Amino acid sequence: MNTENQIKIDDDQLFGKVYKPNVVKRLIPYLKGKTRLVILALAATTLWSISITAMPFMIKIAIDEYIVKSDWNGLVVLSIGFVLVMLFSSLCSLVMEISCIKIGQHVLYRLKKDMFGKIQQLSLGFFDKTETGRVISRVQGDVYQIGEFFSMMVTGLADFAVLGWIIAAILILNWKLGLISMIVIPCLVGVMWYWQPRAKIGFVFSRAAISSVNSYLNQNISGMRVVQAMNRQRYNAGQFDSLNQDNKIASLSASKLSSGLIPPVDFLTGVSIALALFFGALFVKGNSMEIGSIVAFVLYIQRFFDPIRSVTMQYTQLQRSMTSGERIFELMDQDSEVIDAQNAPDIGVIKGEVEYRNVSFSYDGETEVIKKLNLHMPSGTTNAIVGPTGAGKTTLVSLLSRFYDIQRDSGEILIDGKDIRDVSRSSMINQMASVLQEPYIFTGTVRENIKYKHEEVAEEEMISASKAVGCHDLIMKLPATYNTMLDERGSNLSLGERQLISFARALVADPKILILDEATANIDSHTEQMIQKALSKLLVGRTSIIIAHRLSTIRDADKIIVLKDGEVAEEGSHQELLDKNGLYKLLHDNNLASLAGV
């Protein structure tokens with residue numbers, strides 16, 4: 001099976017340069033407040049590399065100065081010193097590791113905080129064009145890679161420092177033998193040159209394979225109800241087995257490539273040691289070198305190849321970190337399509353008069369969803385919006401909520417005579433509330449869900465809002481009443497119960513403008529009657545905009561607006577529109593036929 005042809009590679013699996021100055025430059029400010037810790041880590045790294053390099057030299061002195069000369073007192077003193085150096089090295093290593101972990105976690109915390117804040121500010125247009133999984137990958141996977149980057153940088157510096165000290169020590173001991181021992185380095189470079197691109201491809205496909213497995217697993221868990229309803233378990237198991245098999249092959253290939261570097265490096269280490277022993281023996285025979293120096297040489301050669309191997313293994317990780325950093329800052333640099341005007345004032349306390357003046361809007365810049373639409377909704381009135389699918393009903397209320405902004409030359413939307421683009425969105429949206437067709441319940445208690453945006457609301461007001469929409473009694477039947485924990489998306493409640501809680505959440509804020517976007521489309525008739533009874537009281541004194549497919553629910557609206565292809569086709573009361581015998585009459589008759597089961 002050719003795994004490389006079966007696994008889809010996207011930019012989440014691609015590798016870039018091992019060093020990108022613009023990424024590193026933007027990461028440095030995230031070290032703010034940890035300067036002392038960075039200095040401590042670098043100091044510990046330097047001292048650790050010196051102590052590690054000093055040990056073989058101490059062994060050389062022990063052999064040549066004390067063991068050969070039978071100076072046992074001196075050997076005891078040196079042995080104690082050797083133990084102290086090892087203890088000091090261990091302490092430096094501990095300080096280095098702890099410092100790196102603290103630095104990495106600090107950067108990780110600040111990056112996640114900034115990214116979450118950025119995501120909250122982005123308009124819906126960004127999420128319309130960007131997969132949720134990709135955004136989560138940025139916040140989780142890419143940020144984790146950056147957290148590892150700082151640890152790798154310190155470790156890499158330690159490895160290079162050790163290499164430098166070892167080369168210096170070897171040349172000091174015997175520069176001729178040092179050059180002879182390093183003859184194998186060109187061979188090592190050749191091995192690395194051959195291994196690196198193949199390992200890179202292997203790691204890319206390994207990451208892509210596990211990503212495919214996780215994605216398919218997520219889809220099946222999220223859509224388990226559909227899977228079982230369609231009896232797709234056996235087929236899906238086969239699909240998953242295929243992806244899992246690809247993952248196994250890709251992972252084995254990556255592991256083989258990773259392990260494949262060790263034997264040639266070990267072999268070259270052995271060749272270098274053999275050269276040191278052979279030519280070292282000749283130098284000893286010629287009295288130009290001591291036995292202890294040969295032992296030190298062997299120890300240095302062993303340690304010389306360890307940091308090279310470590311740096312090589314980290315090379316791909318560094319590439320991945322740089323690419324992750326680039327993707328993170330690409331997200332951070334995204335501009336929201338909805339931005340308040342500079343020094344935009346608060347809108348003040350609104351009455352709720354809404355007006356659309358010659359409004360046009362397009363999602364893609366080509367096809368207009370709303371076309372030169374004019375509409376007036378007096379404050380305190382109930383306005384229903386109906387029309388066939390794709391008429392622009394949801395777009396109309398999305399523009400009012402400023403989920404999207406219309407261009408300056410594409411009309412204006414006014415609340416109490418003020419262009420909503422000229423006032424701060426937060427001051428406006430705080431006086432509005434929406435209830436959607438698919439109620440979203442957050443993991444948490446019933447109380448937390450109802451008070452989601454308005455935690456300051458008193459208990460009595462929350463209970464009053466719950467009673468008003470008819471969900472107080474059902475909440476009191478829950479195991480812990482308002483303290484009952486709700487599962488993800490409210491899965492331990494019925495759809496109708498979730499919708500009632502979302503109504504309570506909207507009304508607890510006492511909004512001046514209330515938007516109901518197909519809010520009763522997916523609930524049973526009994527729950528709908530409860531909501532309709534509550535709405536007859538709750539809509540009084542508010543400007544209400546109701547999008548509905550069930551035309552029976554909007555008979556009593558002050559105004560019914562009929563949309564078709566982004567334009568107002570008709571408007572008036574229920575009876576006025578029936579008398580016109582136009583599109584509304586057609587929709588109404590079809591609706592009645594549907595309810596009758598015809």
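The model is predicted, and residues are numbered from 1 along the chain.

**Stop 1: strand β10**

Select residues 543–547. This is strand β10, and five of its five residues are buried. Look at the side chains next. Thr543, Ile545 and Ile547 point one way. Ser544 and Ile546 point the other way. Both sets are buried.

Select residues 382–386 to show strand β3, which pairs with β10 in the parallel sense over four bridges. Find Thr382 there; its bridge partner in β10 is Ser544. Then select residues 513–517, strand β9. Five bridges join β9 to β10, and these two strands also run parallel. Pick out Leu516, which stands opposite Ile546 of β10.

**Stop 2: salt bridges across the chain**

The whole structure holds 16 salt bridges. Start with Glu290 and Lys60. Their side chains meet with N to O at 3.3 Å. Glu290 sits in the loop between α10 (262–285) and α11 (291–332), and Lys60 sits in helix α3 (residues 35–67), so the pair ties together parts that are 230 residues apart in sequence. Which end of this bridge is buried? Lys60 is, at 13% relative accessibility. Glu290 counts as partly exposed, at 37%.

Next, select Asp340 and Arg402. They form a salt bridge, and their closest N and O atoms are 3.0 Å apart. This pair links distant parts of the chain, 62 residues apart. Asp340 is in the loop between α11 and β1 (354–362), while Arg402 is in the loop between α12 (393–400) and β4. Show the surface here. Asp340 is partly exposed at 33% relative accessibility. Arg402 is buried, with a relative accessible area of 1%.

**Stop 3**

Move to helix α20, residues 583–595. Select Lys585 and Asp589. They form a salt bridge, with 2.9 Å between the closest N and O atoms. The two residues are four apart in this helix, about one turn. Lys585 is partly exposed, with a relative accessible area of 26%. Asp589 is partly exposed too, at 33%.

**Stop 4: a network**

Select Arg408, Asp419, Arg421 and Asp422 together. Salt bridges link these four residues in a network.

**Stop 5: a negative patch**

Which residues form the negative surface patch? Select Glu448, Glu455, Glu456, Glu460 and Glu461. Zoom in on Glu461. Helix α15 (residues 459–468) contains Glu461. Glu461 is partly exposed, with a relative accessible area of 47%.

**Stop 6**

Finish with the backbone. Most residues other than glycine have a negative phi. Two residues here are worth a look.

Select Lys372. Its phi is positive, about 40°, although Lys372 is not a glycine. Strand β2 (residues 368–377) holds Lys372. Is Lys372 buried or exposed? Lys372 counts as exposed because its relative accessibility is 59%, and the cut-off for exposed is over 50%.

Then select Asp416. Here phi is near 55°, again a positive value in a residue other than glycine. Asp416 lies in the loop between β4 (412–415) and β5 (418–419). At 25% relative accessibility, Asp416 counts as partly exposed.

Methods. Predicted model: local features only at pLDDT ≥ 70, side-chain atom pairs only at ≥ 80, totals over all residues. Heavy atoms only, no water. Buried < 20%, exposed > 50% of the residue type's maximum accessible area, 1.4 Å probe, protein only. Pairing = 2+ DSSP bridges. Patch = residues over 30% accessible without salt bridge, like charges linked within 9 Å, V, L, I, M, F, W, Y side chains within 5 Å. Areas by Shrake-Rupley, 256 points an atom, 1.4 Å probe, with all protein chains shown as cover. Lys, Arg positive; Asp, Glu negative; His and termini not counted. Charge placed at Lys NZ, Arg CZ, Asp CG, Glu CD.
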